[in-house]
Amino acid sequence: MDEVIRILIVEDLPTDAKLAERQISKELNSCEFRVVDNREDYLSALHTFHPDIIISDYRLPQFDGLSALNLALEHAPLTPLIVLTGSLNEDTAVSCMKAGASDYVIKEHIKRLGPAVLHALDEKQVRKERRKAEIALRESEERFRTLYENATIGLYRSTPDGDVLMANPAVVRILGFDSFEEISRLNIEKDHFGPQYDRAEIKRILEEEGAFEGMESPWLKKDGTTIYVRENAKAVRDESGKIIYYDGVIEDITAARLADERIRHEAARAETLVRTAARLNASLDLQQALTAVCEETAKALDVPIVNIFLYDPEDEEFTSAMALGMPKEEYLNLPKFPYSVVKPFIESRSLLILADSGEIVKQLNVTGFVPRDYRSLAVAFIQFGEQIIGALSVASIGEVREYTPDDQALLTGIADQAAMAISNARLFTQQKQAEALYRSRSEELEALFSLSAHLREAQTTESMTSVMLSEMRRVINSDGGAILLLDNEKQIFTVTQAEGNFLSELGKSFPSNEGGSGQVLRSRQPFITPDYSSMPFKASGLVNIANSGPMAIVPLQSENEFLGVFIASRENAPHTQPFTDGDVRLLSAMAEMAGTALRRAWLFDDVQRHLRHTQALHDIQLTVASSFDLKVTLNVFLEHTLTQLEVDAASVFLLDPHTLTLEYAAGRGFRTYNLDRSRRRLDDNYALRAALERKMISIPNIDEDASDFSHTPFIIDEGFVSYFGIPFIAKGQVKGVLEVYTRTPLHPNIEWMSFLETLAGQVAIAIDNLALFKDLHSSNTQLTLAYDATIQGLSRALDLRDKETEGHTQRVADMTLRLARAFGMMDNELVHVRRGALLHDMGKMGIPDSILLKPGPLTEEEWEIMRLHPVYAYEMFSPIEYLRPALDIPYYHHEKWDGTGYPEGLKGDEIPLAARLFAVVDVWDALTSERPYRPAWSNEKALDYIREQSGKHFDPRAVDMFFAILQLQNEIV
């Protein structure tokens, strides 16, 4: 610690105090001590010395450690105190610690004092920071409201149904509304605004994970324009664990997204130019440079045709020198075109852009410049300073292509790089013609460099092995050669590449323990012989090399993994030279380099294959999660099955458990056979065997199958060679069968079979989930119908009890729904309005018959009881969660606009809208119906009364709309 630590020591023995100071000084670089031995000096030191820590002896003549501790807690509560004593029993130590001491140290173990002081100071710092944090928290809470209102990011709260409960001004501004009240009247799921993602999927994420962060998605503003928003949200649950609302934060990232998109375009262009520059700098060969320019241009601009024309300043003409997308003989025979026709574009350093290549005849008066099937054309002129080198053109075929400013800038950039590369290549070519560029190099290094360069260019295993064999034969001057790769699973060698007398052996296989190749496999050392024909063993199955002369076989391996062998041979003739040690050493070095390249390529292929498999599974899972259409899911699944498993056709049959038949559901890749009406019983063919035996059926070669399967018209017409069938099993039950076919022999490895099983498992889960969803949807529909029938029955029961109001409930329910629709209520709200209207008088079930059916006016005491019927209704139905949204009418329909109603005495808009609408309809029906205590009023009298009560009993807007509806229905005389 750098600051001076003030240490107060309460001790009556100077030697003990000095000993304590020494121990503490070992741990603290800078400290100041003060020693006291009585209460008065101790209190004075607390207020003047302000110690950072107190070390107190437990027993003093006039003072003791517990007293010092109590005074410290009273006058300096944050200052730690360590009890230091000669002897201290366990009970006393516990008492000190309980009283608030930071630690205790026995003088016999005085070495503990220094670490104890450090520990106590650390605890003091923690307590200070905790207090500081508590103060900061209170200040933070005071600032929260200001932050909420003035935040630049949007804060909202919404229900799972899409109602917006809360939104700060930033949300209002981002979405283009005038106020939160305007937003609160809308629903995210039903109104055209807000996020455009699948809310069902988002609900699932929030239900399962509780939150999400950083989701970027398009949102619609009030005016219908699209913005991009970054959103964080979390689910808030009640005590039962049910989600009651979502809290979220949104940020308008439209500008940033557009900027990022522009940056990505710029980065992609820069990457293309850097890659092109790297390729052009890697070679000074003119043809390679031209090829690189064509390939990179085609890749960057995604065009089918790229041409490079070189300019001849003597003839002042442009001649086609290289092209991509057309045969060599075609582009070399393209007509030349003169400088004069493109001079304006060159001088202005602009591109020649033609939406349709036919315009070139009209604009430039040049015929035959481009083939007739070219459509849109763009030409950038290759210039090095003021020197014109050539032209780089791109063209579309068939469709019109618009070349954007980014396309034009990229084409210009590549043309600029081509200018430098072509100039350098020409200079290098001229230099090669003027002087000898060959230097003395060892044959081995030259060969390895050549092989390395060729391997870098090779993209596939076949191209790599072809390069390896050609380079090997060239550098060691062999008449024949072959590359044999080892299949570890089957323990066989296969001739993968062959030249010379090995050419007829291409594709053949033989056991890995035979011949010279088997000896190399066992020893991992080269095998050399001056006369292979005289050897007692031969490579089994390779008949055309039995009479070979000198032969060298070297291991093809990467680190400790054996991949195969290199074989080089020379003809068996009198003057044929045997392979030297140098030849074998060079061949071994080339094999080692080739083995590393092959293994790296295989590993890369494995990674790519696993990525494709993972992406395919992800796509299938995404389809399952986002679609309840089994046909869509199966089509996606079959598409990936054909692509990832590299099979020719596949079909899905689903099991009907009632008829024990497999019914066709989907298929891909079939040519002639119509499976749409195919139905198979569980006693027929291999698909049914797979379902019954609950395992994969594998027939790599249908022709060798013992059954009649290979002779069926289906197999013959389709030309299938291999068959695999695997059952869909979910939760122990067979859901169907997947069948895959190939028209070429297929010998799958373990990985292929495993991925087929994984695919089948994914679809089995999807089929099972979709069946469960269908059953659940049906159950929910039936349950809703049962609820509504129950409510209807309850309302009829009340009508039966109160004969004088029979039919009243249904009439007011129908009229209230018409009025609610006129006020713009949504369908989901109208459901609750209807239920509330049907239940509005159910509280009267609790009113005695003597009052409810009384023929005359009620007394004040009877009215007190009658006014309880809304409360009875609320108490009756509020425990039923399903009916809570419908309780506005049963509980509030006797509230009045001026606040004189019951049971709550609500006023104006405090009364729920549904109750205000219902009140008008209820009074209208009551007045125009016969009652025990009075006859029915005429329509005119009832309407006059309702008009007079507008603004008193009734919401004026509800009254106006009610009159409008009656007028439209011709119910007003």
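I began with the charged pairs and found that the structure holds 39 salt bridges, a salt bridge being a side-chain nitrogen of Lys or Arg within 4 Å of a carboxyl oxygen of Asp or Glu. I noted beside this that side chains of opposite charge can pair when their charged atoms come close.

I must keep in mind that this is a predicted model, in which local features need pLDDT of at least 70 and side-chain atom pairs count only at pLDDT 80 or more, while totals for chains, interfaces and linings use all residues. Residues are numbered from 1 along each chain as its sequence is written, and side-chain values use heavy atoms, with hydrogens and water left out.

**Entry 1**

I looked up Glu881 and Lys242, whose side chains form a salt bridge with an N to O distance of 2.6 Å. Glu881 sits in the loop between helix H27 (869-877) and helix H28 (888-892), and Lys242 in the loop between strand S10 (226-237) and strand S11 (243-252), so this pair ties together parts that are 639 residues apart in sequence. Helices (H or I, at least four residues) and strands (E, at least two) are DSSP runs, numbered from the N terminus. Glu881 is partly exposed, at a relative accessible area of 46%, and Lys242 is partly exposed at 44%; here buried means under 20% relative accessible area, exposed over 50%, and partly exposed in between (1.4 Å probe, protein chains only).

Next I turned to Glu296 and Arg279, which are joined by a salt bridge whose closest N and O atoms are 3.2 Å apart. This pair links helix H10 (residues 286-301), where Glu296 lies, with helix H9 (residues 254-281), where Arg279 lies, the two residues being 17 residues apart. Is Glu296 buried or exposed? I found that Glu296 is buried, with a relative accessible area of 4%, whereas Arg279 is partly exposed at 33%.

Because Arg957 belongs to helix H31 (residues 956-968) and Asp909 to the loop between H28 and helix H29 (913-927), the pair ties together parts that are 48 residues apart in sequence. Arg957 counts as partly exposed at 45%, while Asp909 is exposed at 56%.

**Entry 2: helix H1**

I then checked helix H1 (residues 14-27), whose 14 residues should span 20 Å at 1.5 Å a residue, and its end C-alpha atoms are 21 Å apart, which agrees; the expected span is 1.5 Å times one less than the number of residues. Which residues of H1 are buried? They are Asp16, Ala17, Ala20, Glu21, Gln23 and Ile24. These cover an arc of only 165° around the axis, so they lie on the same side of H1; the arc is that of the directions from the helix axis to the C-beta atoms. Pro14, Thr15, Arg22 and Lys26 are exposed on the other side.

**Entry 3: the whole chain**

Finally I stepped back and noted that the chain has 31 helices and 29 strands, and that 44% of its 973 residues count as buried. I also looked for disulfides, meaning pairs of cysteine sulfur atoms within 2.5 Å, and the count came to 0. Of the cysteines, I looked up Cys31, which is partly exposed at 23%, and Cys294, which is buried at 1%.
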